[in-house]
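Dear colleague,

Please find below the sequence and structure that I am handing over to you. My notes on what was found follow directly after them.

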Amino acid sequence: MTERIASARSCSNIAFIKYWGNRDNALRLPSNGSISMNLRGLETVTTACFSKRFSEDRFILNHVEQSGEALARMSKHIDFIREMAQSRERVSVVSENSFPTGVGIASSASGFAALTVAACSALELGLNERELSRIARLGSGSACRSIPGGFVEWPATDNEHDSFASPFAGPDHWALVDLVAVVSERHKAVGSTGGHALASTSALQSARVADTPRRLMICREAITNKDFLTLANIIEEDTLMMHGVMMTSRPSLIYWNPPTMAVMSHVLELRMSGIPVAFTIDAGPNVHVISTQDYSDMLTQNLRGINGVTDVLRAVPGDPTVAITEHLAFS
Ligand code: PMV
């Protein structure tokens, strides 16, 4: 009896131009293109083991056996991969995040990227980066951006086979830092999958989507030219546009809490005083504070002093998702 096993390590990513809303929810085809930076320091390591001996799929996340929706979502993703490999073997998945759980840091990007690469390696599918990115997208849209490394773009396309992310600058291109100001929070009422489905109920979404090519171009050029001020202005504008859509959806999605806003205004004040710093916020209350690495220590101290900030996590531009041990077969 043979078991096929492989592991993968993946970095999470932070979107500078956000993906919000799908033109096809089932296929996770985005309404608009997005740009992100992979995050070394916020990572997931996943091992997938396929065996004829297993009678059901299992999923252990951060040492806790998963059931219900989390297990079903993992299994559904593995079903795509099993179909490609023409395999009916059940899988046992063990996954661990390098960042603390329960602080509202989404792990779906690094989680589905690592799961995709581990499972495809274990089943020896021999896929290239584009194909892996396309498959990761089916698990979680933003996961497709965690497959390549560095600074990455995922364009909006009509064709599901062309919907994958590609890098346009490597991790060493620009020494940026993402300091995640974790703010005291209760719970996230609506996750991103539910949120994407609500985007079109906001009258602002069509204007936001129509304007995306402009924001993508400004952001891509700012990164290419390492122009921090232009980057700061465009990522904040983009975040505020996405949260404008969220807040005006029906039902309304309001992810911010008072400490979120305290961090935002603090960041704006610091920038006014000449420090290269900007904020961006995903579907949650935590604030990603973007700066250059030489300001890391100073900003971390500074952010920790804000009322309601419970922790500050640090990440720098990260590498592509990699298989750690390829298709070990135990007999
Ligand atoms: O990949 P999802 O379904 O978790 O959606 C990600 C949505 C945002 O984080 C808010 C934006 C983005 O582009 O990452």
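Accessible areas here come from the Shrake-Rupley method with a 1.4 Å probe, and for residues only the protein chains shown count as cover. On that basis the protein chain has an accessible surface of about 14,100 Å², and carbon and sulfur atoms hold 53% of it.

Please note that this is a predicted model, in which local features need pLDDT of at least 70 and side-chain atom pairs count only at pLDDT 80 or more, while totals for chains, interfaces and linings use all residues. Residues are numbered from 1 along each chain as its sequence is written, and side-chain values use heavy atoms, with hydrogens and water left out.

Overall form

The protein chain contains eight helices and 14 strands; helices (H or I, at least four residues) and strands (E, at least two) are DSSP runs, numbered from the N terminus. Its C-alpha trace spans about 65 × 40 × 40 Å along the principal axes.

Of the 331 residues, 55% are buried (under 20% relative accessible area; exposed is over 50% and partly exposed in between, with a 1.4 Å probe and protein chains only). Among contacts (heavy atoms within 4.5 Å) with a separation of 6 or more, 76% join residues 24 or more positions apart.

Cores

A nonpolar core is a set of buried Ala, Val, Leu, Ile, Met, Phe, Trp, Tyr and Cys residues joined through side-chain atoms within 4.5 Å. The largest has 30 residues, and Trp 20, Val 263 and Val 289 touch the most other members. Elements giving two or more residues to this core include helix 6 (228-247), helix 7 (258-272) and strand 12 (287-292). A second, separate core has 29 residues, including Ile 17, Val 103, Trp 174 and Leu 216.

Strand 12 also holds His 288, which is buried at a relative accessible area of 9%. Beyond its neighbours within four places in sequence, His 288 contacts residues including Ile 14, Asp 178, Val 180 and Phe 279.

Helix 3 (residues 129-139) is mostly covered, with eight of its 11 residues buried. These buried residues pack against strand 3 (29-30), helix 1 (68-85), helix 2 (108-122) and strand 8 (151-154).

Asp 319 sits in the loop between strand 13 and strand 14 (322-330) and is partly exposed, at 40% relative accessibility. Not counting residues up to four places away in sequence, Asp 319 touches Cys 11, Asn 38, Pro 148, Gly 149 and Pro 171.

Backbone points to check

Most residues other than glycine have a negative phi, and most peptide bonds are trans. Arg 250 and Pro 251, however, are joined by a cis peptide bond with omega of about -5°; Pro 251 is in the loop between helix 6 and helix 7. His 63 has a positive phi, near 70°. This residue lies in the loop between strand 5 (58-61) and strand 6 (64-65) and is exposed, at 66% relative accessibility. Glu 124 has a positive phi near 55°, lies in the loop between helix 2 and helix 3, and is partly exposed at 49%.

With kind regards
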